[in-house]
Amino acid sequence: MTLFLDTSDLDLIKKYYKFGAIRGVTTNPSIILQNSSKNTDVNKNLKEIANYIKPYNLSLEVTSNDHSQMIEEAKFYNSLGKNISVKITIHGPEEEEFNLEVINILENKENIRVNVTAMMNAQQCLLAAYAGATYVSLFGGRVNDIGGDAIQEIVKLRNVLNINNLKAKIIVGSVRETSNIFDWLNAGAHIVTVPPQFIKKMQIHPHTTNTVKQFLNDAKKIKN
Ligand code: E4P
């Protein structure tokens, strides 16, 4: 079980890597867009992230929906660093099914690690795992947003991956509240990918603040 950071902001990645609690980074086009005013050269920024966090993993998502362009883009990302895995959505915007073929080609012919993304239930993740995915990304917050139960999907998925002896690691993303992180790991996620602001929310507790103040005040009063 471990934590990834869900961001393309290298300054924040550096800040939280120094804490030692992060073992990888995930991005997607929306995350990169949010951070784009800071980075005009997107590929340079992504390469720097890969280099900074190696040997930990960085996930980069293809930006095309065309079969051969997806493969070309995946090869390009792969050339930016050995620790990069390529995100492919489980299907296309018009429900195109060939994404599974792309996943199979990348994993089994091109030797490129794939993180299959934008998945909303255990059965999508299982299919991606059968196609050879290294990572299967379940969007827990989006599942819950429309009345689903992310925890139930994680429990079922972990169980079926274990029974089938499949190598895929479960990443759960789309964190909406701090308690999601603990609950999803507890349910069987191998990894939860966390937006940076939630790391502070995990760490800080008002009673801890008061307790630390009490200890420091009393320490000053001790006579040596
Ligand atoms: C996961 O890999 C995704 O980048 C991300 O967690 C999606 O989160 P959102 O639903 O908040 O966009």
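Across the whole structure, the search finds 1 cavity of 30 Å³ or more. By cavity I mean a set of points, on a 1 Å grid over the protein atoms alone, where a 1.4 Å probe fits but cannot get out. The largest cavity has a volume of about 40 Å³, where grid points are joined across faces, edges and corners, and a volume is the space filled by probe spheres set on the points. Its lining consists of Ser 8, Ile 32, Asn 35, Ser 36, Asn 39, Val 42 and Asn 45, a lining residue being one with an atom within 4 Å of a point. By class, that is 2 nonpolar, 5 polar and no charged residues. Here Ala, Val, Leu, Ile, Met, Phe, Trp, Tyr, Cys and Pro count as nonpolar, Asp, Glu, Lys and Arg as charged, and the others, Gly among them, as polar.

A word on the source: this is a predicted model, in which local features need pLDDT of at least 70 and side-chain atom pairs count only at pLDDT 80 or more, while totals for chains, interfaces and linings use all residues. Residues are numbered from 1 along each chain as its sequence is written, and side-chain values use heavy atoms, with hydrogens and water left out.

Now the largest pocket, a pocket being an open set of grid points with protein on both sides within 12 Å along at least five of seven lines. Its volume is about 430 Å³. Of the 24 residues that line the largest pocket, Asp 6, Asn 28, Ile 31, Gln 34 and Pro 195 lie nearest its centre. The lining has 6 nonpolar, 13 polar and 5 charged residues. Helix H2 (29–34) gives the largest share, 3 residues; strands S6 (135–139) and S7 (169–173) each supply at least two. Helices (H or I, at least four residues) and strands (E, at least two) are DSSP runs, numbered from the N terminus.

What sits in the largest pocket? The ligand does, in the sense that more than half of its atoms lie within 2 Å of the grid points. Among the residues around the ligand are Lys 87, Phe 139 and Thr 193, each with a heavy atom within 4 Å of it. This shell divides into 2 nonpolar, 4 polar and 4 charged.

Oxygen atoms of the ligand lie 2.6 Å from a polar side-chain atom of Asp 6, 2.7 Å from one of Arg 142, and 2.6 Å from a polar backbone atom of Ser 174. Taken alone, the ligand exposes 350 Å², and the protein buries 85% of that, by the Shrake-Rupley method with a 1.4 Å probe.

Finally, the backbone. Lys 54 and Pro 55 are joined by a cis peptide bond, with omega about 10°. Pro 55 is in the loop between helix H3 (42–53) and strand S3 (57–61). Ala 118, in strand S5, has a positive phi of about 65° although it is not a glycine.

Notes:
Polar contact = N/O pair within 3.5 Å; in protein donor to acceptor, adjacent residues only side chain to side chain.
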